[in-house]
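User: Hey, I'm new to this one. Can you walk me through it?
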Amino acid sequence: MKSLAPTWRAVIRAQSPARRLILSFMVMIAIGALLLMLPASSRTGSLSFVDALFTATSAGCVTGLSVLDVASTLTLFGQGVLLALIQLGGLGIMTISTLLILGARGRVGFAGNLIIQDSFTHSGKKSPADILRAVIRVTVIIELLGALFLFIRFYPVSPTPARALWLSVFHSVSAFCNAGFALYPDSLTRFRGDLLVNGTISFLIIAGGLGFLAVSELQGRLRPGRWRWERLSLHTRLVVTASAILLLAGALVTLLLEWRNTLAPLPMHEKFLAAFFQSVTLRTAGFNTLDFGSMANGTLFLSLIFMFIGASPGSCGGGVKTTTAATLFLMGRSRLKGAAHVSAFSRTIPAKSVEKATHLMMMSVAVVILGTLVLLSSEMGSLAHTQSRGRFLELLFESVSAFGTVGLSMGVTPTLSTPGRLCVTLLMFVGRLGPMAIAVAVSRDIAPPHRWAEEDIMIG
């Protein structure tokens, strides 16, 4: 009787890179959910399948939304499973798999090259081995530095040095991977005025959200005599500029709209620190030092926009990405000026990149709309608007947070019904992998056989 193993290997090799990526994440999440369902993972009895699946997806997709209190519900083993899912999800399960193949065989296939290069660089100038080494090296260095600084603060307030070390490592990995899981029931609210904790977590979130290509390029240019803004690639300049604008705008919006609200009882220095930290965490991180359920409507509305944009390509964060938003903004500006091409920093952005940004934005909006409709139906049914005031914003916030893999909530996550939790689980999964990756994976790679005749239409 012939072995079925070669047949399965042939099937796997025949899959497209996008489908392999989706399959890898599905396997990782399934294994994580099964491990979280074990009695050894929970202090309150075995988790239900839906809760375990939700938590595993949230960790693997580095979101941070949770239907349970991680610190009080999960044992050390369960927290370890969560941390492993966060790390694997942040780096990408396909990257880890490729690294193992490199270690075993010293090479990867053509499909593997495409996945790595598309995830971690905008060009094919670097080999997969070089890219993977850079990814692992940068990740380990930054997470170790973050854990070291957090240990300085956690050590005096922890019962044992081992506990302080665990808290430091967990929060460092969670912050760099933009996951937002915390081992404190109030997230990081108790450290709202602590400059060391806020500064370290903010640095980790920003570094994890810039993307490995931008971080690697900036690191190489920071050497004495080599720093010149003009020498940076267009990708890195767009990422840095868009990220800086969003961070400053988010902090300013929070200060202006929350000055007499959630920031009112805080001392002056804590007001500015909390506003900046919340602007940083909106970049798909999920930690909070302020209560989002008590924020003004204007703050929440603008927070939706920041969460939807998210982090940068090739990073641990989600969202439609900063370069997508920047490209569409530049396209609008060029059209208003009557320019034929989209340009930035004396460089022209290729038409295919502009088209890809447009498609990604359209598909992302469609996913969020559909997810919100499902949540409205599952959580409120036919309840009249006059009887559900405020609920719409809460569910829209939940939907955008899940799709952008942000992890922030207005407090409705634990109250979601089973269909609602499954909907949010799917939103996190789609948001982590990207709508376009899903579409490419399930679509046929067949070009249309012909092109129809053109006919003009009126626009506007």
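User: Okay, what is the secondary structure of the chain?
Analyst: This is a predicted model, and its chain comes to 19 helices and 2 strands.

User: How much of the chain counts as buried?
Analyst: Of its 460 residues, 52% count as buried.

User: And what share of the contacts join residues at least 24 apart in sequence?
Analyst: Taking contacts between residues at least 6 apart in sequence, 69% join residues at least 24 apart.

User: Let's talk helices. How do α12 and α14 pack?
Analyst: Helix α12 covers residues 234–258 and helix α14 covers residues 297–309. They pack at an angle of about 165 degrees, and their axes are 10 Å apart. Angles over 145 degrees count as roughly antiparallel, so α12 is roughly antiparallel to α14.

User: Which residues meet there?
Analyst: From α12 you have L246, A249, G250, V253, L257 and E258, and they meet G298, T299, L302, F306 and I309 in α14. Sorted by class, that contact has 7 nonpolar, 3 polar and 1 charged residues.

User: What about α14 and α17, parallel or antiparallel?
Analyst: Helix α17 spans residues 391–403, and it packs with α14 at an angle of about 25 degrees, with the axes 9 Å apart. Angles under 35 degrees count as roughly parallel, and therefore α14 and α17 are roughly parallel to each other.

User: Who makes that contact?
Analyst: On the α14 side it's N297, L300, S303, L304, M307 and F308, and on the α17 side L393, L396, F397, V400, S401 and F403. Those residues divide into 9 nonpolar, 3 polar and no charged.

User: Which way does α14 pass α17, left-handed or right-handed?
Analyst: α14 passes α17 in a left-handed crossing. α12 passes α14 in a left-handed crossing too.

User: Switching topic: how many residues are in the largest nonpolar core?
Analyst: The largest nonpolar core has 76 residues, and I86 and I201 are the ones with the most contacts inside it.

User: What is I201 in contact with?
Analyst: Setting aside neighbours within four places in sequence, I201 is in contact with L150, H171, A175, L188, F277 and F287.

User: What lies apart from that core?
Analyst: Another core lies apart from it, with 30 residues, including L290, F292, F306 and V406.

Note on methods. Residues are numbered from 1 along each chain as its sequence is written. This is a predicted model: local features need pLDDT of at least 70, side-chain atom pairs count only at pLDDT 80 or more; totals for chains, interfaces and linings use all residues. Side-chain values use heavy atoms; hydrogens and water are left out. Axes are lines fitted to C-alpha atoms, for helices over the stretch in contact, and angles run from 0 to 180 degrees between N-to-C directions. Helices (H or I, at least four residues) and strands (E, at least two) are DSSP runs, numbered from the N terminus. Angles under 35 degrees count as roughly parallel, over 145 as roughly antiparallel, 65 to 115 as roughly perpendicular and the rest as oblique. A crossing is left-handed if the near helix is turned anticlockwise from the far one by less than a right angle, and right-handed if clockwise. Contact means heavy atoms within 4.5 Å. Ala, Val, Leu, Ile, Met, Phe, Trp, Tyr, Cys and Pro count as nonpolar, Asp, Glu, Lys and Arg as charged, and the others, Gly among them, as polar. A nonpolar core is a set of buried Ala, Val, Leu, Ile, Met, Phe, Trp, Tyr and Cys residues joined through side-chain atoms within 4.5 Å. Buried means under 20% relative accessible area, exposed over 50%, partly exposed in between (1.4 Å probe, protein chains only).
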